[in-house]
Amino acid sequence: MASAAEWDGAAGSYHSFARFTEQFARHAVATALGPLSTRTGTEEQPLMLLDVASGTGVAAFGLIDALPANAWATVLATDFAEAMLGQLRAKASQRAEDDAAKHPHVTLQAERMDAQDMPSVRDATMDAATMVFGLHNLPNPVSGAREFYRVLRPGAKGVIVTWHWNKLREFIAQMRLEVGDVEAKAADYIGPMTNEGEMRRCLHEAGIPDACIVVDMVKGLPMQMSLEELVVYLRTNSLVPALREVDASLVRRVVSEDRGFGAWGDDSGFILWGTAMEVSVTKP
Ligand SMILES: C[S@@+](CC[C@H](N)C(=O)[O-])C[C@H]1O[C@@H](n2cnc3c(N)ncnc32)[C@H](O)[C@@H]1O
């Protein structure tokens, strides 16, 4: 599993991938906020919304955007990588004027926190929560799931999203083989949390009753990444050190092979493509 320092190293080029994760985050937000549709919070008791493993903030900003203009709410965005939170804060500054106009009573807080242990978030205080592409990155997903469930209020929905399938992972594994990285075969494997059975076992171990769990598959819309973006993403991503000096011509060749990675031309590129597993848990 990657350390906070390695995720820090991935933060600078993460935005080109976050363009793709955003659609799954928005879907998760709609699911999580469903039970709140008639509640807006009040000045005395604002809605408390949590996004765990926020990265650059696709779900945290999604939560803000999905709220009605008259909502009173605090959105708490958490991640253990400071550089990810740095990108999130920069985005919050860019959006500040617009957010203040559209959601005058919504506050965004960004806090560094390990998803497996969140002592500063009190039990049963969150009205909705999201953890998008976070759980499968945790060394101890059971602790992550237990913490996520612990902080939900009765009646609140939390939504966990992991990959069911992700073409970029296949491409990275292929690129690692191309540069002679012998660990590459193992890298193709995102981990047990992308399997519904393993996910259910994890949630069960975390003390979440089966009756509270709904599992859905969310098919993503394919999205293009340019050759330049892809090369920068690979070279600057600390999670794949074997590709730090990867050659652009090698990237171009592997994408052009007939493996469904995409094609280069005037209006084509690498195709980001995937299906997510969206797991919602409702606290009784
Ligand atoms: C694939 S990114 C997902 C980011 C964002 N939610 C999205 O969908 O674009 C995974 C995020 O999990 C964070 N992360 C990994 N392990 C973590 C941990 N133990 N505690 C908190 N965050 C963690 C990483 O720093 C990274 O920002």
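Which residues are buried in helix α9 (residues 227-235)? I open with that question, colleagues, and shall answer it after a word on conventions. This is a predicted model, in which local features need pLDDT of at least 70 and side-chain atom pairs count only at pLDDT 80 or more, while totals for chains, interfaces and linings use all residues. Residues are numbered from 1 along each chain as its sequence is written.

To the answer, then. The buried residues in α9 are L230, V231, Y233 and L234. A residue is called buried if 20 or more other C-beta atoms lie within 10 Å of its own, exposed if 12 or fewer, and partly exposed in between, with C-beta atoms placed from the backbone. Helices (H or I, at least four residues) and strands (E, at least two) are DSSP runs, numbered from the N terminus. Viewed down the axis of α9, the buried residues fall within an arc of 160°, so they line one face of the helix. The arc is that of the directions from the helix axis to the C-beta atoms.

Helix α1 can be described in the same terms. Its buried residues include W7, A10 and A11. They cover an arc of only 110° around the axis, which puts them on the same side of α1. An α-helix has 3.6 residues a turn, so residues three or four places apart point the same way.

What do the buried residues of α1 pack against? They pack against α4. The axes of α1 (residues 4-11) and α4 (residues 82-102) come within 7 Å and cross at roughly 35°. Here, axes are lines fitted to C-alpha atoms, for helices over the stretch in contact, and angles run from 0 to 180 degrees between N-to-C directions. On the α1 side W7, D8 and A11 take part, and they meet E82, A83, M84, G86 and Q87 of α4. Two residues are in contact if their C-beta atoms, placed from the backbone, lie within 7 Å. By class, this contact has four nonpolar, two polar and two charged residues. In that scheme Ala, Val, Leu, Ile, Met, Phe, Trp, Tyr, Cys and Pro count as nonpolar, Asp, Glu, Lys and Arg as charged, and the others, Gly among them, as polar.

I turn to the nonpolar core. The largest one has 87 residues, and those with the most contacts inside it are A28, L49, V75, M126, A129, M131 and V132. Helix α2 (residues 15-33) gives the most to this core, with eight residues. A nonpolar core is a set of buried Ala, Val, Leu, Ile, Met, Phe, Trp, Tyr and Cys residues joined through C-beta atoms within 7 Å. Leaving aside neighbours within four places in sequence, V132 is in contact with T21, F24, A25, A28, V58, A59 and V161.

Next, the ligand. Of the 21 residues around the ligand, W7, A53, G55, F80 and A81 come nearest. A residue is near a molecule or strand if its C-beta atom, placed from the backbone, lies within 6 Å of it. The shell divides into 13 nonpolar, six polar and two charged residues. Helix α2 gives the most to the shell, with three residues, and α2 and α3 each supply at least two.

A53 is placed in the loop between β1 (47-52) and α3 (58-66), and it counts as buried because it has 27 C-beta neighbours inside 10 Å. For F133, phi is likewise near 55°, again positive in a residue other than glycine. F133 lies in the loop between β4 (126-132) and α5 (141-150) and is buried, with 23 C-beta neighbours inside 10 Å.

Finally, two further loop residues. H103 is found between α4 and β3 (106-112) and is buried, with 20 other C-beta atoms within 10 Å. Not counting residues up to four places away in sequence, H103 touches I64, L67, A69 and A71. H103 and L67 are 36 residues apart in sequence and 7.8 Å apart in space, C-alpha to C-alpha. W273, in the loop between β9 (268-272) and β10 (274-282), is buried with 21 other C-beta atoms within 10 Å. With residues up to four places away in sequence not counted, W273 touches K167, G220 and P222.
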